Amino acid sequence: MKTKMIANLSMLAFVGAASSAYAGVAPDSYDMLNGNTGSYNYWDETYNGSGCVTCDNAALSGGRGDLTDGIIATENWFITEAPVGNGPYVGWTIDPVITFHWNTPVNITSVTFHFDDSNGAGGVSAPASVTVGGTSFAIADPIGSAPFAFVADGLSFSGNDLVVSIARNNAWVFLSEVEFNAAPIPEPETYAMLLTGLGLLGFAARRRKAMAA
Ligand SMILES: [Ca+2]
Ligand SMILES: [Ca+2]
Ligand SMILES: [Ca+2]
């Protein structure tokens with residue numbers, strides 16, 4: 001009876017460690033070349049780091065803006081972008097390379113991209129692929145023309161700086177948000193809990209063996 005209770009306690013330790021596993025983790029900053037101008041201005045107008053937010057393809061660094069503000073575009077660029085002022089998208093006629101930075105290391109397991117898919121209207125289409133930390137993912141053009149989310153899954157990135165590149169399928173690519181799912185790097189207490197759990201399991205097993213003998 002006692003050994004069973006100890007085994008259950010150690011199971012609880014494992015469950016406790018596992019339940020804190022996955023969470024969304026916003027980067028502390030990202031670096032990239034700004035979007036550019038077409039009929040309207042598809043800049044990262046809310047970017048708060050260094051660089052010109054109203055200049056086509058200007059180098060931006062050390063800040064955050066349209067791509068991590070939690071605003072996900074639900075309409076096509078030609079509806080939601082304005083001739084002047086802030087639109088939710090950043091749009092490029094180059095293949096953007098974006099380096100996301102975290103001040104403390106993270107374990108990224110998936111990245112979700114929110115793209116426009118205008119089926120070629122104004123030269124805007126779903127991109128051909130994304131590459132995340134060296135892993136490439138082909139993107140199938142969704143049926144219809146609504147903005148869509150693409151999830152780059154099955155990642156096992158650990159570190160502070162994650163490089164993402166996007167390959168266009170048409171003249172333009174439009175992106176409104178990038179989200180990250182991360183498994184936190186276990187803290188020392190978690191390791192201690194796991195070790196305690198393992199120790200108790202071993203103790204329980206030895207006891208069972210002793211009692212059987
Ligand atoms: Ca956004
Ligand atoms: Ca914008
Ligand atoms: Ca489509």
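A residue counts as buried if 20 or more other C-beta atoms, placed from the backbone, lie within 10 Å of its own; it is exposed at 12 or fewer and partly exposed in between. Strands are DSSP runs of E, at least two residues long, numbered from the N terminus.

This is a predicted model, in which local features need pLDDT of at least 70, side-chain atom pairs count only at pLDDT 80 or more, and totals for chains, interfaces and linings use all residues. Residues are numbered from 1 along each chain as its sequence is written, while chains are lettered from A and ligands numbered from 1 in the order in which they are written.

Start with strand β10, residues 173–183. It is mostly covered: 8 of its 11 residues are buried. Which strands pair with it? Strands pair if DSSP finds at least two bridges between them.

| Partner strand | Bridges to β10 | Direction |
|---|---|---|
| β1 (residues 23–24) | 2 bridges | antiparallel |
| β4 (residues 90–92) | 3 bridges | antiparallel |
| β5 (residues 97–115) | 8 bridges | antiparallel |

Gly24 has Asn181 as its bridge partner in β10. Asn107 stands opposite Ala183.

Now the core. A nonpolar core is a set of buried Ala, Val, Leu, Ile, Met, Phe, Trp, Tyr and Cys residues joined through C-beta atoms within 7 Å. The largest one has 37 residues, and Ile108, Val111, Phe174 and Leu175 have the most contacts inside it. Strands that each supply at least two of its residues include β4, β5 and β10.

Definitions and conventions. Helix = DSSP H or I, 4+ residues; strand = E, 2+ residues; numbered from the N terminus.
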